[in-house]
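Please find below my note on the model you sent. The points are numbered so that they can be taken up one at a time.

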Amino acid sequence: MSQEAAHHGPPTSFLRKYIFSVDHKVIGKQYYGLALAAVFTGMILSWVMRFHLVWPNAAIPGLQWLSKVGAPGGVMTPEYYLSLLTMHGTLMVFFVLTNAPFAAFGNYFLPIQIGAEDMAFPRFNMMSFWVTFAAFVVLMSAFFVPDGPPISGWTAYAPLSAVGSDAGPGLGMGQNLWAISIALFCIASLLGALNFIATTLDLRAKGMTLMRMPISTWAWFITSCIALLAFAVLLPACLLLILDRIAGTSFFVPGGLMISDRLQPHSGGSPLLWQHLFWFFGHPEVYIAILPAMGIVSHILINSMRKPLLSHKVVIGSMLSIGFLSYMVWGHHMFLSGMNPFSALVFSFPTLIITIPATILTLIWLGSLYGSRLQINSASLFALGFISMFVSGGVSGFFLAQPSIDIYLHATYFVVGHFHLVMGVAAIFGIFAGTYFWFPKMSGHMMNETLGKIHFWFTFVGAYCIFMPFHYLGLAGNVRRYSSFVDDYLQPLLPVHKFITIAAFCTGAAQLVFLFNLIYSRFKGAAAPDNPWNATSLEWTIPSPPPWNNFGDKHPVVYHDPYQYGVEGAKEDFTMQDSPERVPVKS
Amino acid sequence: MGRIFAITVVIIAIASAIPIVLHTWAPPEDISTHGHAIDDQMKDTMYEAGLSFLAAQLLLGLFIWQNAGRGKQDKLKTFPGGAKGLVIAALVLVGSEILALGVLGQKAWASVYFAGPDKDAMTIQAQAGQFAFYFRYPGADGKFGGMHPDKIDEGNQNFFGLDPENDVDSRDDIVAGELAVPVNRQINLTLHSKDVGHSFYVRELRLQQDFVPGLDLAVHFTATKPGRYEIVCTQLCGLGHYNMKAYLSVLSQEDFDKWLKERAQ
């Protein structure tokens, strides 16, 4: 538990303080800012796509400036729809759902919650962010190449993604940029994950045993273990894809393909190899997005309930088993891919079994609410909303985990509804909860509660209005990734799509309230005390915002479990982790 | 505010369930011999998932209603049975759901994928390419001619790359843009992709299978109701993906023979 590794002096110049900073707090905020840029870009893309789906021939003002070819006169072409779809998915999954709950909050609070001065490798940490930033720039530059962004979706299935521009627009330079961007992102995430693991294992303060770490820290730790293994597979997959594209190799392309009247110069590769490699990353990625949100939400709920969860150990055990099982289920994305049908059973079973730790977590949250002293504020509303969304998105997983039902529901809007609720909305509720909870610590200002509550209500009701009907569309067999609905059987479903589009506009508009609140509170918000929520963990023992070396010159000493709330016989209803007060031991 | 949240969650949960209970948007009538097993499986899952969904949301609403705003004067209580009880409940409830659905329910999957086609099944080949499906019948000799990708010539309607000059088997092959099948006869559909990944999806048949380039796959089915149904592509295949479709015509044996004869000439 040496503090030496993380030790560095205070920043001396503007550049060192705000741009190329090695301070984990600055890097955490940089990740958060990047995620904000990505999430609003991704959201605007979804607006444009939803608009096009229900008014396919209407011009979208300004879209022609983004791409003359993709949207002549502002009316989107089918291929440009797919380009935007690819960018929406890639931005959201990588640059929002991985960056915000894990890289941003993890960077800022993991070292503080364990009582460390910084990450184990501060320079690596700086490098992680800047490589991620480069990945973002490379990805966004795909908007500005002649053919536009790739049209192969965020899953980039080969051979569509591997044979170049013969297969369609955006599959030339656009797809190259995509593959390079994701490869860079993998490198950054691997460095980040290593750093998180080393920090958690080596830099804990005196008395901070593993079981005394807050649940949020546990979640980031488990997530980094998952990320270390997942991105380590996606990175070589991307490199092989790049080789197929520019060096003429055939890892993912078989022989005899006639594309655009041209016999492709490839032979011997396997499209299924890409799918296996991609989903070996892709499924754990779902848990990379949702586990930190689980940790953050647990951390916040406990504070709002003024009592610990029913069992600290069971929660950590459930998260560990979710992390472990996440590696045994990737094939459930491929039930109909042509892999051996017997293997469907092998992948289906662990997928169903993941429901057990997920149910345990849900029941623990619910059971802990019972008999609590629940305080309602923006942070706890989003944390409670997370539980509701996690349940709603989770139950549809029960359908998709079964290969027989997947025959009907695969590639329909049912799947879109499922993953948007469970890894999109639920994870983003975790991010929002975290923001309202930790903003005072990060900025030194309180956020506006009224605006926060307005934001919550529109987002909560709005997200249900958008994503519940997706399930109904899926039950009716509505296929996903269509740029317009020309099939006869889809015509009666168009009113549902209209409803969803309008709901998406309203819910999206509510996010502007959040953005305003964020900026307004940063400058005009009331000054935040050190511990506005009467919380127990170490981040609340230091000033808001914390000094560059977190704990000043003293090293914190930890005496308690992380959540000493409502302990009978204690002086107050909460006892901070570093308080030397002896409290009666319970549980 | 807590009570408003509780009420909202309950309203959302019930409102979400209404279209499901009323079957407002549901799969179309099944026209296959294997589909009812899938439908039953889906119905059972809907009961179990639907009840779990309602129970969890209502409990969330109830506990928030009861506990929001309780202050320091109110006593903290522990859920009866504690974590242990809940873990056991999850293991037993979800465990039995998994056993019931996961193990017993594999029959539906097995009926499509584990048993091969019957000996007298009729083999038809489907080919997917950007952005159309084509179907090939072996003709009178019962044999398909070989495919030569370099001979594919859409201008000359040689979609499969056949070589009738040198290949006798291919001369009587019948190629069509729609999939016609006789009713109540088992069809063994082989799937070949010409270029990138595609998928064959007919809602009414409860059948979906990817076309994988370089890997010829097969599925079998028996259609039980004459009619015309849409075949759509469900694997993102490029700019025309949304418009890639064909029709499945389920015909009486008589009509089917006539249909085939018209095309054989």
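The points below go from the contact between the chains to helix packing, then to the domains and a sheet.

1. The model is a predicted one, and every point here should be read with that in mind. The contact between the two chains draws 88 residues from chain A and 87 residues from chain B. On the side of chain B that touches chain A, at least two residues each come from helix 1 (2–21), helix 2 (35–67), helix 3 (82–104) and helix 4 (106–113) of chain B. Strand 6 (198–202), strand 7 (207–211) and strand 9 (227–232) of chain B likewise each supply at least two residues. Helix 2 of chain B gives the largest share of that side, 14 residues. By class, the side of chain B that touches chain A holds 48 nonpolar, 27 polar and 12 charged residues.

2. One helix pair spans the two chains. Helix 11 (residues 341–369) of chain A packs on helix 3 of chain B at an angle of about 150°, and their axes are 9 Å apart. Helix 11 of chain A is therefore roughly antiparallel to helix 3 of chain B, and the crossing is right-handed. From helix 11 of chain A, the residues in this contact include Phe349(A), Leu352(A), Ile356(A), Ile360(A) and Gly367(A). Helix 3 of chain B contributes, among them, Ala83(B), Leu86(B), Val94(B), Gly95(B) and Gly102(B). The contact of helix 11 of chain A with helix 3 of chain B has 15 nonpolar, six polar and no charged residues.

3. Helix 2 (residues 24–54) of chain A and helix 4 (residues 78–96) of chain A pack at an angle of about 150°, with 9 Å between their axes. Helix 2 of chain A and helix 4 of chain A are therefore roughly antiparallel. Their crossing is left-handed. Residues of helix 2 of chain A in this contact include Leu34(A), Ala38(A), Gly42(A), Leu45(A) and His52(A), and those of helix 4 of chain A include Tyr81(A), Leu84(A), His88(A), Leu91(A) and Phe95(A). The contact of helix 2 of chain A with helix 4 of chain A counts 15 nonpolar, five polar and no charged residues.

4. How is chain B divided? Domain 1 covers 2–70 + 79–113 and domain 2 covers 122–264. The centres of domain 1 of chain B and domain 2 of chain B, taken over C-alpha atoms, are 39 Å apart. Their contact involves 11 residues from domain 1 of chain B and 12 residues from domain 2 of chain B. The side of domain 1 of chain B that touches domain 2 of chain B consists of five nonpolar, four polar and two charged residues.

5. Chain B has an open sheet of five strands, in the order 3-2-1-5-8, with mixed pairing. Strand 3 (174–176) and strand 8 (217–222) of chain B are the edge strands, each pairing on one side only. From one strand to the next the twist averages 25°.

6. Strand 1 of chain B shows both kinds of pairing. Strand 1 (residues 122–129) and strand 5 (residues 186–193) of chain B run parallel and are joined by seven bridges. In this pair Thr123(B) stands opposite Asn188(B), and Gln125(B) stands opposite Thr190(B). Strand 1 of chain B runs antiparallel to strand 2 (residues 132–137) of chain B, with five bridges. Strand 1 and strand 2 of chain B form a hairpin with two residues between them, and Gly129(B) stands opposite Ala132(B) in strand 2 of chain B.

Definitions and conventions: Residues numbered from 1 in each chain as written. Chains lettered and ligands numbered in written order. Predicted model: local features only at pLDDT ≥ 70, side-chain atom pairs only at ≥ 80, totals over all residues. Contact = placed C-beta atoms within 7 Å. Helix = DSSP H or I, 4+ residues; strand = E, 2+ residues; numbered from the N terminus. Nonpolar A, V, L, I, M, F, W, Y, C, P; charged D, E, K, R; others polar. Pairing = 2+ DSSP bridges. Axes fitted to C-alpha atoms, helices over the stretch in contact; angles between N-to-C directions. Parallel < 35°, antiparallel > 145°, perpendicular 65-115°, else oblique. Left-handed = near helix turned anticlockwise from the far one by under 90°. Domains from an automatic or database assignment.
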